[in-house]
Amino acid sequence: MYMIFDDIQPLFEEPLFGSDPIVLAGPCSAESERQVLDTADALAAGGIRIFRGGVWKPRTKPGGFEGIGSPALQWLGKVRERTGMLTATEVASRAHLEEALAAGIDVLWIGARTTANPFAVQDIADGLAALPSGLRESIPVLVKNPVNPDLELWIGALERIYRAGIRRLGAIHRGFSSYGKHIYRNPPKWRIPIELRRRIPSLPVICDPSHLGGRREYIASLSQQALDMGFDGLMIESHCDPASALSDSAQQVTPAELAAILAGLRRHTASSSTESLSQLRDSIDRIDIELLELLGKRMALAREIGRYKREHSMSVVQSGRYNDLMQNRVDDAARLDLSADFVSNILSAIHEESVRQQVEICSKQD
Ligand code: PEP
Ligand code: MN
């Protein structure tokens, strides 16, 4: 656990989300005033509280739609005025940061390509450090994972932003680029965000199923997995007309589709999860007791065999028998999804204890 992150504050004032997952939604890119306002109106009507929209778009190759830039910031301002939603956009440099804040953007995020570059992150951090303290302490900043699966680089970027004085700090998991063909656009490698949560337990982590999956049909199941794993929220791309989107068309959903996805998700409130958790723990307790009773029975049999060996002057360890037993059990275990290593460790510990008890019996004087 990192001591440096000892004062992370909630991302948003209560009761913006209460115990519900945080949801940010909006188009990949702010393309036109009409598209931004139509999408925002529909999202607001569906209860979305934070509107995302990319103003400056990092593109893999030149020539794609690189975002509208500064004029789009005004459209986000209109969204806030007419819907009351908070607005969020991506900043990739100190200049972006300053423009976004001057336009009154409420939430900032650092994109995956930027997080991978410590110079760019430090440039943004320097801009944040220079803000008046009130703004610096109240502006939420979300750091997407770097495109490459490098947890240290992700934590490094979070640390630069935290050291700049940002206290409403969060992370966004959007998956990792990977060469070759994959079902998902950016494979999740869930171990990495889970390890991030273990290392910085107070850091809110939001899942971005749109960039993870790359296709709208994966959004619901990836969102559910994220909630099941205890993520704090979701960032989902939504466009009033996904087919005509200028970027990430295949992964955007209409506001109505988004509402249906969100309505279909199983939430985990603190009390329902503790309830089902305590039921699961009860079952584990029962199984542990059964395991102990079975071990007791097994040892009783081993002692009986020990007495037999003693009466017949046999040696305690019959290595042929031990090897056969090990092989058979490891084969059985594989059918139960238990790893060979795990089972052979347990069996060798049990066998060692049987041998110890048999040696005790055989070495007893009459
Ligand atoms: C985005 O959110 O539209 C975006 C560009 O995401 P990422 O940085 O995760 O690729
Ligand atoms: Mn996008």
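In which hand, left or right, does H5 pass H7 in their crossing? In this predicted model, the crossing of H5 past H7 is right-handed. Helix H5 spans residues 118–129 and helix H7 residues 151–163. Their axes come within 8 Å. The crossing angle is roughly 20°. Angles under 35 degrees count as roughly parallel, and H5 and H7 are therefore roughly parallel to each other.

The contact draws on residues of both helices. H5 contributes Pro118, Val121, Gln122, Ile124, Ala125 and Leu128. H7 contributes Leu153, Ala157, Arg160 and Ile161. Eight of the residues in this contact are nonpolar, one is polar and one is charged.

The manganese ion (ligand 2) is coordinated by Cys28 through SG, His211 through NE2, Glu237 through OE and Asp248 through OD. In sequence, the donor residues follow the spacing C-x182-H-x25-E-x10-D. Cys28 lies in the loop between strand S1 (22–26) and helix H1 (33–45). Glu237 belongs to strand S8, residues 233–237. The pair therefore ties together parts that are 209 residues apart in sequence.

Technical notes:
Residues are numbered from 1 along each chain as its sequence is written. Chains are lettered from A and ligands numbered from 1 in the order in which they are written. This is a predicted model: local features need pLDDT of at least 70, side-chain atom pairs count only at pLDDT 80 or more; totals for chains, interfaces and linings use all residues. Side-chain values use heavy atoms; hydrogens and water are left out. Donors are N, O and S atoms within 2.8 Å of the metal (3.2 Å for Na, K and Ca); water is not among the atoms, so sites may look incomplete. Helices (H or I, at least four residues) and strands (E, at least two) are DSSP runs, numbered from the N terminus. Axes are lines fitted to C-alpha atoms, for helices over the stretch in contact, and angles run from 0 to 180 degrees between N-to-C directions. Angles under 35 degrees count as roughly parallel, over 145 as roughly antiparallel, 65 to 115 as roughly perpendicular and the rest as oblique. A crossing is left-handed if the near helix is turned anticlockwise from the far one by less than a right angle, and right-handed if clockwise. Contact means heavy atoms within 4.5 Å. Ala, Val, Leu, Ile, Met, Phe, Trp, Tyr, Cys and Pro count as nonpolar, Asp, Glu, Lys and Arg as charged, and the others, Gly among them, as polar.
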